[in-house]
Amino acid sequence: MNMHAVSEAAPAFPIPDNVFAEKVVAVEHFTDHLFRFRITRPASFRFRSGEFIMIGLPNAEKPVYRAYSIASPSWDEEIEFFSIKVPDGPLTEHLQKIKLGDTVLMRKKPTGTLVLDALVPGKRLYLFSTGTGVAPFASLVRDPETYEKFEEVVLIQTCRQVDELTYITRLVEDLANDPLVGEMVEGRLKLFTSTTRQTFPRMGRITDLMGDGRFFDMTGLPAISPEIDRAMICGSMAMIKDTSAMMEGFGLVEGANNKPATFVVERAFVG
Ligand SMILES: Cc1cc2nc3c(=O)[nH]c(=O)nc-3n(C[C@H](O)[C@H](O)[C@H](O)COP(=O)(O)OP(=O)(O)OC[C@H]3O[C@@H](n4cnc5c(N)ncnc54)[C@H](O)[C@@H]3O)c2cc1C
Ligand SMILES: NC(=O)c1ccc[n+]([C@@H]2O[C@H](COP(=O)([O-])OP(=O)(O)OC[C@H]3O[C@@H](n4cnc5c(N)ncnc54)[C@H](OP(=O)(O)O)[C@@H]3O)[C@@H](O)[C@H]2O)c1
C-alpha cells in the first residue's frame, strides 16, 4: 500500500460513541454486484451464528448504518460480511470501495431470528436463500453446533447468474479441509445451487423446483416433513412469502426467538 492510500484510509470524521471501529483485513470481489470482506473482531463482541448487526463507514458526521448478516461463525477471530453493491446505495456505493486497513463501524448489539435456538429439535436442517440471503447461512454451516443439533444440513442458494454462486460454492468446497468442522460436514452438508437467468445444470426458483418435485428427484431427498425437517429462509420479501407458504404446505410452523417452532425467516434486504 502506498502513502497516498494510507492517508486516504484514515477516518476523516470522529468515531461515534457506542460503536466498534474495526479494520478491514480482507476484501474479495466476485461480480459487479457482490463482494465479501473481513474485519477485525473486537475482543468483547459476542454473537450467535446467523445473527445480523448494523454497520457503517466513518465518512460522515452521522454515518449511514445498514443491517448486515454476519457471515462468519461465532467462533471466528474475524468478522466476515457478504455484500451487495447497489449503484447509488447510500452505504454500498462507498462500502464497495473499501481497502485493506480502512475502518468499518459496527454497532454493538447483534440480533436476528436465523439462530439455532429459534428452532425446535429436528434431524434435517434446510437453509433456503437467494442472493445475499446466503450470508447468515455461511455462518451457520461453519458452526459445529449446527452439526451437533442436526444430522443433515441442506443449504440452498438461487441467484440470477452463475458467478453469483461463487462465494458459497467455494466456501462449502473449502469446508472439507477445515480443521474444526471438516470431519463434521463430510456426507452431512449438501449444497444445492440454482440459477434463474443464465444457463446452469440446475435452473429455476427453489419454490418452482420443489413445487413440481424436480428438487427431490435431483437430490434424492424425501418430501419435507414436520417430524424430521426444520427450515430457515432468507431472501427478498417475495421469496420469503412464497417459501414460507411452501413450508406451511408441508406442515411446518413459523417460530421466533421467544417461540421456537419448525421454521424461521429473515429479510435479506428491505424493498
Ligand atoms: C436483517 C437484514 C440483514 C441484511 N444482511 C445483508 C447482508 O448480509 N448483505 C447485504 O449485502 N445486505 C444485507 N442487508 C441489506 C442491507 O441492509 C442494505 O440494504 C444494503 O447494504 C444496501 O445498502 P445501501 O445503503 O447501499 O442501499 P439501500 O438504500 O439500503 O438499498 C437500496 C435498494 O437496493 C436493494 N438492495 C438492498 N440490499 C440488497 C441486497 N442485499 N440484495 C439485493 N438487493 C438489495 C433494495 O431494492 C433496496 O431498496 C440486510 C438487510 C436486513 C434487513
Ligand atoms: N443480481 C443481479 O445480477 C442484479 C443486477 C442488477 C441489479 N440488480 C438489482 O438488485 C436487486 C436484487 O437482485 P438480486 O438478484 O440480488 O435478488 P432477487 O431479485 O431477489 O433475485 C435473486 C434470486 O431469487 C429469485 N427469486 C425472486 N423472487 C423469488 C420468489 N418469490 N421465490 C423464489 N425465488 C425468487 C430470483 O429469480 P428470478 O430471476 O426468477 O426473479 C433470483 O434467482 C433487484 O432490485 C435487482 O434489480 C441485481
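**Entry 1: ligand 2.** I began with the shell around ligand 2, and found that α9 gives the largest share, 3 residues. Helices here are DSSP runs of H or I with at least four residues, strands are runs of E with at least two, and both are numbered from the N terminus. β8 (152-159), α7 (206-211) and α9 (237-249) each contribute at least two residues to this shell. I listed 18 residues around ligand 2, and the nearest are Thr 130, Gly 131, Thr 196, Arg 205 and Ala 238. To be near a molecule, a residue needs its C-beta atom, placed from the backbone, within 6 Å of it. Sorted by class, the shell has 9 polar, 5 charged and 4 nonpolar residues. I counted Ala, Val, Leu, Ile, Met, Phe, Trp, Tyr, Cys and Pro as nonpolar, Asp, Glu, Lys and Arg as charged, and the others, Gly among them, as polar.

**A note on the model.** This is a predicted model, in which local features need pLDDT of at least 70 and side-chain atom pairs count only at pLDDT 80 or more, while totals for chains, interfaces and linings use all residues. Residues are numbered from 1 along each chain as its sequence is written, with chains lettered from A and ligands numbered from 1 in the order in which they are written.

**Entry 2: the two domains.** The domain assignment of the protein chain gives domain 1 (3-107) and domain 2 (116-267); such bounds come from an automatic or database assignment. Taken over C-alpha atoms, the domain centres are 26 Å apart. I then looked at where they meet: 16 residues of domain 1 are in contact with 13 of domain 2, contact being C-beta atoms, placed from the backbone, within 7 Å. On the domain 1 side, β2 (34-40) and β5 (78-84) each supply at least two residues, and β5 gives the most, with 4. That side divides into 8 nonpolar, 7 polar and 1 charged.

**Entry 3: ligand 1.** Where does ligand 1 have its shell? Both domains give residues to the shell around ligand 1, so it lies between them. Of the 24 residues around ligand 1, I noted Gly 89, Leu 91, Thr 92, Phe 269 and Gly 271 as the nearest. β4 (66-69), β5 and β11 (263-267) are the elements that give two or more. By class, I found 14 nonpolar, 7 polar and 3 charged residues in this shell.

**Entry 4: Arg 66.** I picked out Arg 66, which is found in strand β4. Setting aside neighbours within four places in sequence, Arg 66 contacts Met 54, Ile 55 and Leu 91. Arg 66 and Gly 56 are 10 residues apart in sequence, and 6.6 Å apart from C-alpha to C-alpha.

**Entry 5: strands.** β3 (residues 52-56) and β6 run antiparallel, joined by 2 bridges; strands pair if DSSP finds at least two bridges between them. β1 (residues 19-29) also pairs with β6 (residues 103-107) in the antiparallel sense, over 5 bridges. There, I found Val 104 of β6 as the bridge partner of Glu 22.

How values were computed
Two residues are in contact if their C-beta atoms, placed from the backbone, lie within 7 Å.
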